[in-house]
Amino acid sequence: MAKRRAHGEGNIRKRKDGRWEGRYTAGYDPQTGKRIIKNVLARSQAEVLEKLKKAMEDAKHLDMAKFGTFTVGQWMDVWYENYATVKVRASSHKTYRGYIKNHIKPNIGDILINELTTLDLQRFYKKLLTSGRLDRIESKKQPKGLTPKTVRNINQMISSAFELAKSQKLVLANPTEGCALPRVEYGEMKTLTADQLNAFLQEARNSGVFEMYYIELATGLRRGELLGLKWQDIDLKNGTIQVHRQICRIEGIVTEAPLKTKNAYRTVVIGQDAIDILKQQKKKTADEYVFPSPTGGPLSPDSVLNMLHRVLERAGLPKVRFHDLRHTFATLAIQNGVDIKTLSGMLGHFSAGFTLDTYAHVTTPALKEAANTMGKVLEKAV
């Protein structure tokens with residue numbers, strides 16, 4: 001016969017198979033109002049009492065009417081539609097859907113969210129790193145595994161989805177906590193030297209795109225930010241540029257989008273040479289965009305990159321990314337005495353610390369020189 005216990009403590013009994021069972025009320029069905037009864041099993045009375053106590057405590061933090069009703073695949077869909085589409089940039093929507101459809105659902109989509117473990121995720125990430133790339137024509141020459149950065153992005157998505165599940169009392173813990181994530185190896189930063197800049201800008205002038213690349217090298221704007229500039233953002237009298245938007249490709253369409261972070265919304269001060277270059281550009285176009293497409297409207301980010309590579313090739317220069325022009329601006333600024341905090345604001349970074357970490361290889365010689373200078377000063381004082 002079941003041993004009665006005080007109200008709220010559940011009850012225990014010894015079963016015919018010799019094991020001890022603890023039963024408790026985990027909640028109430030919102031439709032019928034009936035109690036939701038759960039149980040725990042153990043080999044001894046002391047063990048079942050301990051399990052029962054933990055289960056009842058856990059039940060306080062769970063919605064037992066919905067507990068165990070969502071698989072990982074189903075919950076990722078709920079999270080994407082109600083959370084990701086609101087929080088993340090529109091340009092990332094397609095990427096998120098692809099991660100869910102092509103990687104998460106086929107591998108761990110059928111597991112209940114309350115049963116997914118850190119080990120399940122660790123095995124999943126290991127598989128992605130070794131053989132996660134989809135078998136597509138355009139990726140035949142690429143490694144079969146996904147990059148560490150992509151795997152970390154997928155982990156971040158799953159983590160966000162499980163934080164939402166915790167807030168909805170569907171799970172007790174986030175299984176991404178404690179996962180060993182692959183280390184991201186960043187590609188080597190490439191910059192153009194002063195001699196290369198001369199050859200590059202000369203060829204850009206010959207190709208009819210001098211103004212755009214000059215302004216990029218004078219401001220260090222991100223590619224989308226440069227293409228998003230409108231004449232209403234330019235104050236030629238005071239020499240300032242207001243960065244308010246970016247241009248990107250969303251679902252195959254070139255369109256305006258919000259900037260990456262709140263720090264990206266900024267005012268960039270430009271010198272007289274850049275002002276004169278912009279005045280020249282204004283005479284060349286009647287479009288609202290500073291650097292419009294040949295047919296009007298925003299220029300495609302892909303077109304700008306292809307154009308860059310053509311100019312570099314004609315100038316006999318090594319191929320670099322568009323983002324490396326931004327690195328070139330930052331490197332030259334540091335080498336010519338611009339302090340890190342000022343540069344961080346110009347680049348739209350979230351902190352001066354991030355700027356310092358990114359360009360540590362540039363600042364190290366300057367710091368050594370500063371140390372030597374201070375040494376000479378102190379030597380004279382002594």
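Predicted model: local features only at pLDDT ≥ 70, side-chain atom pairs only at ≥ 80, totals over all residues.

Analyst: Happy to; we can go from the whole chain to the sheets, the pocket and a couple of single residues.

User: Good to know. How many helices and strands are there in the protein?

Analyst: The protein has 14 helices and 8 strands.

User: And what share of the residues is buried?

Analyst: Of the 382 residues, 41% are buried. The accessible surface is about 22,700 Å², and carbon and sulfur atoms account for 51% of that.

User: What about contacts between residues 24 or more positions apart?

Analyst: Such pairs make up 58% of the contacts with a separation of 6 or more.

User: OK, sheets. In what order do β1, β2 and β3 sit?

Analyst: The order is β1-β2-β3, in an open sheet with antiparallel pairing. β1 (11-14) and β3 (35-42) are the edge strands, each with a single partner strand, so one side of each has no neighbour in the sheet. On average, neighbouring strands here are turned by 25° against each other, ignoring direction.

User: How many bridges join β1 to β2?

Analyst: There are 4 bridges between β1 and β2, which run antiparallel. R13 stands opposite E21 in β2, and I12 stands opposite G22.

User: What happens in the hairpin of β1 and β2?

Analyst: There are 5 residues between the strands, and G18 takes a positive phi near 95° in that hairpin.

User: Nice. Which helix lies across β1, β2 and β3?

Analyst: That is α1 (residues 45-59), which runs at about 10° to β2.

User: Let's move to the other sheet, the one with β4, β5 and β8. Which of those strands stand at the edges?

Analyst: The order is β4-β5-β8, an open sheet with antiparallel pairing. β4 (234-235) and β8 are at the edges with a single partner strand each, so one side of each is left without a neighbour in the sheet.

User: How is β5 bridged to β4, and how many bridges join β5 to β8?

Analyst: β4 and β5 are joined by 2 bridges, with I234 opposite I241 in β5. Strand β5 (residues 240-243) and β8 run antiparallel and are joined by 4 bridges; there, T240 has V269 as its bridge partner.

User: Which residues are on the covered face of β8?

Analyst: R266 and V268 are on the covered face of β8 (residues 266-269), while T267 and V269 are on the uncovered one. V269, then, is the bridge partner of T240 and sits on the uncovered face.

User: Switching topic: what volume does the largest pocket have?

Analyst: The largest pocket comes to about 2,400 Å³. It is lined by 47 residues, and the closest to its centre are R89, K149, R222, K260 and H323. Elements giving two or more residues to the lining include α2 (72-87), α3 (93-108), β6 (246-250) and α11 (323-335).

User: Which element gives the most to that lining?

Analyst: α5 does, with 6 residues.

User: Now single residues. Where is F70, and why does F70 count as partly exposed?

Analyst: F70 is in the loop between α1 and α2. Its relative accessibility is 23%, so F70 counts as partly exposed; the buried class is under 20%.

User: What does F70 touch?

Analyst: Leaving out residues up to four places away in sequence, F70 touches W75, V78, L112, I113 and L170. F70 and A165 are also 9.8 Å apart, C-alpha to C-alpha, though 95 residues separate them in sequence.

User: Last one: what is the phi of K169?

Analyst: K169 has a positive phi of about 60° although it is not a glycine. K169 lies in the loop between α5 and α6 (194-206), and at 41% relative accessibility K169 counts as partly exposed.

User: Great, thanks!

Conventions: Residues numbered from 1 in each chain as written. Heavy atoms only, no water. Pairing = 2+ DSSP bridges. Axes fitted to C-alpha atoms, helices over the stretch in contact; angles between N-to-C directions. Contact = heavy atoms within 4.5 Å. Buried < 20%, exposed > 50% of the residue type's maximum accessible area, 1.4 Å probe, protein only. Areas by Shrake-Rupley, 256 points an atom, 1.4 Å probe, with all protein chains shown as cover. 1 Å grid on protein atoms, 1.4 Å probe; cavity = no way out; pocket = protein on both sides within 12 Å on 5 of 7 lines; lining within 4 Å. Points joined across faces, edges and corners; volume = space filled by probe spheres on them.
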